Amino acid sequence: MSTLIVEGLSVHYGGVRAARDVSFTVEPGQSLGIIGANGAGKTSTLKAVMGLAPRQARRIAFGEHDLLRAPAHTLVRHGIGYVPEGRHVFPGLSVEKNLLLGAYTGDWKRTPIGEVYDLFPVLGEMRHRLAGALSGGQQQMLAIGRALMCRPRVMLLDEPSMGLSPILVEEIVTGLKRLNADGLSILLVEQNAKLTFDVTSACLVMENGEIAATGTSAALRVDPQVRRIYLGL
Amino acid sequence: MQVFLQTLIGGVTFGAVYALVAMGFSIVYRTMGLVNFAHGNVVMIGAYAASNLYMFAKLPFPVAVAVAIAVTALIGLVIERVLRPLENKDFDLMLIGTIGFGTVLEAGAIRVFGATGHAVPSPVATAPLDVAGIKIPTYSLLVIAVAAAATVLLGLFLQRTKRGAAMQAVAMDHEAATAVGIHVGRSNAMAFAIGAGLAALAGGLIGPMLYVNPTMGGSLGIKGFAAAIFGGFGSMRGAIAGGMAFGLLDSFAAGHFQEYSELVTFLVFAAIVMVRPTGIFGETTVNRA
């Protein structure tokens, strides 16, 4: 099993610093959350891990693979699934094609598409529908399903609750817990702290691009400092 | 009636070629959001390569066109490779880069082939078919059939193959495509190569219908570009519909307005685009501009 290790990660867009000296590890089977208010640098951190944002870091590694030297499109081969913020499904392609593209690097005759339909049955019902025609919640399930198609060992999720109704958020939470229970490591970036505490065992709290607090989800749930960071009091 | 049908056949033949040019524009635009302004000049290079191989190297016409496609596909790959560092970073520079490549190709053609150009004899020598008094040149049928076959093949590639699906995915969301493991640069290179291949096919086919010369790329490029916009830029169906519409417009305008035909064609085009700026299949196109 492989551990995701990030040490001293900084992200700069031109002169703007989005994240500074962020370090964390995701152990095999662990679920780690990164919470914080809008603009705290959560998404930039995740994108930088994926190689999709300009980054400097002492170390980013997954198991024996040095991700600092791996081009972004090779990460999926190492077993890293990514669910981008805002879902980013391929709108003009069918649900099924979207899922199959998740297994782009693998053999399309041996994909876990059945397991994905099993996890989110609505995707199976709509498999011939264009992804752009799905509701927000269904698109989110599709984005998660697409990331699962590469049989990842760790999954990076960016704001999966964004724009979803509470019922759908509940459904996503159930799905994520089930995946985690099956041994998938999860790195979850969220504004929705309650959801994150439900899904993860430990969390980082980010503020102004830096890690402001860390702790178990149970402890952070009642920590007044978290409330302060969130509300800016 | 007879004149009408005769003009119709001519229009469809040119329309098929314009559709090929428009598809080349569209496939690059779809995947990269880039208008390849060198495209018309690539058509010209394709026309030169095919006609020279056919007339002087005495290759059979289909072989000559196939070689021309391979040569221009290579040119497409070179253009993409040179512009790759700018991909998703500086769009304006990329556009200017394609204009530069177009100029280089035109100047190169003048240098190598001379400024005057040459006529290409029709590769099918048989007399035109006579259907109820209307003469259908056999070469027209060949052009339409080849263009249709190329369109079907391209459609199958995009719909049925993994690489085709990946190319569409890159067009829709290049970051998400990267995250699922698609090499965006390679996918773009393929789009450029296919676009250039289509250009060579169009150039090779139009050689015997026009006079092959170094500046033909300008007018063919503009017409193909207009056809692509007409149909809805980035849409493959749109490129076909737009190409056909433009070919017919061109051919009927030529019949009725003679030397003003181009003026009339583009005036009508401008009027339609003003009413419907997204083109015929505009709504369903990817918008990355």
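Start with the interface: 16 residues of chain B are in contact with 20 residues of chain A, where contact means that the C-beta atoms of two residues, placed from the backbone, lie within 7 Å. Keep in mind that this is a predicted model, where local features need pLDDT of at least 70, side-chain atom pairs count only at pLDDT 80 or more, and totals for chains, interfaces and linings use all residues. Residues are numbered from 1 along each chain as its sequence is written, while chains are lettered from A and ligands numbered from 1 in the order in which they are written.

**The chain B side of the interface**
- Helix 6 (162-172) and helix 7 (174-179) of chain B are the elements giving two or more residues to the side that touches chain A; helices (H or I, at least four residues) and strands (E, at least two) are DSSP runs, numbered from the N terminus.
- The most comes from helix 6 of chain B, with 6 residues.
- By type, that side of chain B splits into 9 nonpolar, 4 polar and 3 charged residues. Here Ala, Val, Leu, Ile, Met, Phe, Trp, Tyr, Cys and Pro count as nonpolar, Asp, Glu, Lys and Arg as charged, and the others, Gly among them, as polar.

**Chain A overall**
- Chain A has 9 helices and 11 strands.
- Its C-alpha atoms fill a box of roughly 50 × 40 × 35 Å along the principal axes.
- Among contacts in chain A with a separation of 6 or more, 68% join residues 24 or more positions apart.

**Helix 2 against helix 8 in chain B**
- Helix 2 (residues 39-55) and helix 8 (residues 184-206) of chain B pack at about 55°, with axes 7 Å apart; axes are lines fitted to C-alpha atoms over the stretch in contact, and angles run from 0 to 180 degrees between N-to-C directions.
- That makes the pair oblique, the label left over once angles under 35 degrees (roughly parallel), over 145 (roughly antiparallel) and 65 to 115 (roughly perpendicular) are taken out.
- Residues on the helix 2 side include Val42(B), Gly46(B) and Ala50(B), and those on the helix 8 side include Gly195(B), Ala199(B) and Gly203(B).
- This contact divides into 11 nonpolar, 5 polar and no charged residues.

**Leu77(B)**
- Leu77(B) lies in helix 3 (residues 61-83) of chain B and is partly exposed, with 15 other C-beta atoms within 10 Å.
- Beyond four places in sequence, Leu77(B) is in contact with Ala189(B), Phe192(B) and Ala193(B).
- The C-alpha atoms of Leu77(B) and Ala189(B) are 5.6 Å apart, though 112 residues separate the two along the chain.

Conventions:
Buried ≥ 20, exposed ≤ 12 C-beta atoms within 10 Å, placed from the backbone.
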